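The entries follow the order in which I went through the model.

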Amino acid sequence: MTDDYCVVLFHSTSSAIRAEAIAKREGLKVKLTSVPRHLSSDCGLCLCIENYDKEKILEILKRCGIEFESINQNS
Amino acid sequence: MIYLDNAATSFQKPKEVETAMVKFLREVGANPGRSGHRLSIEAARILYAARESTAELFNVKDPLRIVFCLNATEAINLALCGILRPNDHVITSSMEHNSVMRPLRRLEQQGVELSIAQCSPEGFLDPENIKKLIKKNTALIVMNHASNVTGSILPVSQVGKIAREHNILFLVDSAQTGGCYPIDINRDFIDLLVFSGHKNLFGPQGTGGLIIGDRVDTKKLSPLKTGGTGSRSEHEVQPDFLPDIYESGTLNTIGLAGLGAGIRFILEQGINTIRAHEMKLTHSLINGLKDIPETIVYGGHDPEKQTGAVSFNINGISPSEISTRLDEEYEIMCRVGLHCSPAAHKTIGTFPDGAVRLSISYFNTPEEISLTIKSISELADKIKNNL
């Protein structure tokens, strides 16, 4: 992963896994991992998306009806 | 050996099912959704893949609306006990399995009003018989897609349309059809679809589930059980989102790995290929049995209108004796008695003695059906001659 990535947090593992499957199909470079220390999440899993386009991610999440907690820029 | 008890549990499974289960046991093994390590994530991916395959088979848009349960019975209990309240009215058919009838009879004792639409002696339902039972307080219509006794297919789509026109929820038990007959929850107007994992979907025992349609408000469907879900762990109350709201406790992940592989196999073969094969065998089986003068064959005698479950009796001998002799003398496995469906046997006139049921799967062959007919014919001759 490069430094240019964002972290999407979810309420449930099922949503995180679903988002991973869909994001991969959409051609995004993603990694499902434990939530970094400075963030917190209900399910403990987050999706890191490299070279991200926030609008595109929001569009995908909305279109597929995936509930998420937040999208956080890597800092 | 010829296994014809697939309506209870399918015995022959695609090799992919075994491979997926062994792979889970050897290489994954962890708890899905409870930890952030790679094996836990992999277990969660396997579960999600099984949800996706199930969603594809039944045309469900959001795989997270698939709730996994231990079996169809648990899924039916979740739906019935979760929705129905005292003074609600529920309609069902007279061909139901006890997985539907027993929860309904218990709910009846708790103040739920129950009406049963009469089916024909061949096991078929006229949708008008459902329509005329609808009342102001009808909250739910529940029925099986096909009888586990006669295999007769019930008019799900027509009843679903009636339910929708009256704004009533529609619950379908697809234990006998899921995996061997096309089902589309949108086309068939199904709000809640129950499936059994270990029959025609080729999973192992301990798998099944409930699909929650878009019209179902989860606030009005109480969970059957509450507990740990791996999500919202800081709260001591049950999460309100799908599927976690209905999936407390660790799931049967190894079983669901197998179920996912079974459904993937069905999708690859094509449901129409499976249906065509089973209809061909059912046609041979019905006609072969009818040609034996001593037999009585139940149901509609039309493979187009039924699954591969065929029930029969032989004059002058009890069903259990037929079954024992088929097993011991011919190595043919079948199921005898009331098949957990006293209502269905009353409808077709075989209560309380029951009948012998032969039930086909995609893995049965024309040769097996020919040999079965030959064996039953020989057995009927022996019985006639007191042998």
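I began with B:Gly33, which is buried at a relative accessible area of 8%; I call a residue buried under 20% relative accessible area, exposed over 50% and partly exposed in between, using a 1.4 Å probe and protein chains only. This is a predicted model, in which local features need pLDDT of at least 70 and side-chain atom pairs count only at pLDDT 80 or more, while totals for chains, interfaces and linings use all residues. Residues are numbered from 1 along each chain as its sequence is written, chains are lettered from A and ligands numbered from 1 in the order in which they are written, and side-chain values use heavy atoms, with hydrogens and water left out.

I found B:Gly33 in the loop between helix H1 (15-28) and helix H2 (38-58) of chain B; helices (H or I, at least four residues) and strands (E, at least two) are DSSP runs, numbered from the N terminus. Leaving aside neighbours within four places in sequence, I listed the contacts of B:Gly33 (heavy atoms within 4.5 Å) as A:Thr13, B:Ser40, B:Ala44, B:Thr229 and B:Gly230.

**Entry 2, between the chains.** I then turned to the contact of chain A with chain B, which takes 16 residues from chain A and 19 residues from chain B. The two chains bury about 1,400 Å² between them, 50% of it on carbon and sulfur atoms; this is the accessible area (1.4 Å probe) that two parts lose on being put together, summed over both. Across this interface I noted 3 salt bridges, each meaning a side-chain nitrogen of Lys or Arg within 4 Å of a carboxyl oxygen of Asp or Glu. One of the pairs is A:Glu20 with B:Arg45, whose closest N and O atoms are 2.6 Å apart. On the side of chain A that touches chain B, helix H1 (13-25) and strand E2 (30-34) of chain A each supply at least two residues, and H1(A) gives the most, with 8 residues.

I also checked how open the two partners are: A:Glu20 counts as buried at 4% relative accessibility, whereas B:Arg45 is partly exposed at 27%.

Which parts does the salt bridge of B:Asp5 and B:Arg357 tie together? I read a distance of 3.3 Å, N to O, for this pair. B:Asp5 lies in the loop between E1 and H1 of chain B and B:Arg357 in strand E13 of chain B, so the pair ties together parts that are 352 residues apart in sequence. Both residues are buried.

**Entry 4, the sheet.** Last, I followed an open sheet of 4 strands in chain B, in the order E9-E10-E13-E12 with antiparallel pairing; two strands pair if DSSP finds at least two bridges between them. Strand E9 (295-297) and strand E12 (335-337) of chain B stand at the edges with a single partner strand each, so one side of each is left without a neighbour in the sheet. E12(B) and strand E13 (residues 355-359) of chain B pair over 3 bridges, and B:Val336 stands opposite B:Val356 in E13(B). I finally noted that helix H8 (residues 271-290) of chain B packs on the sheet, touching E9, strand E10 (309-314) and E13 of chain B.

Key. Axes are lines fitted to C-alpha atoms, for helices over the stretch in contact, and angles run from 0 to 180 degrees between N-to-C directions.
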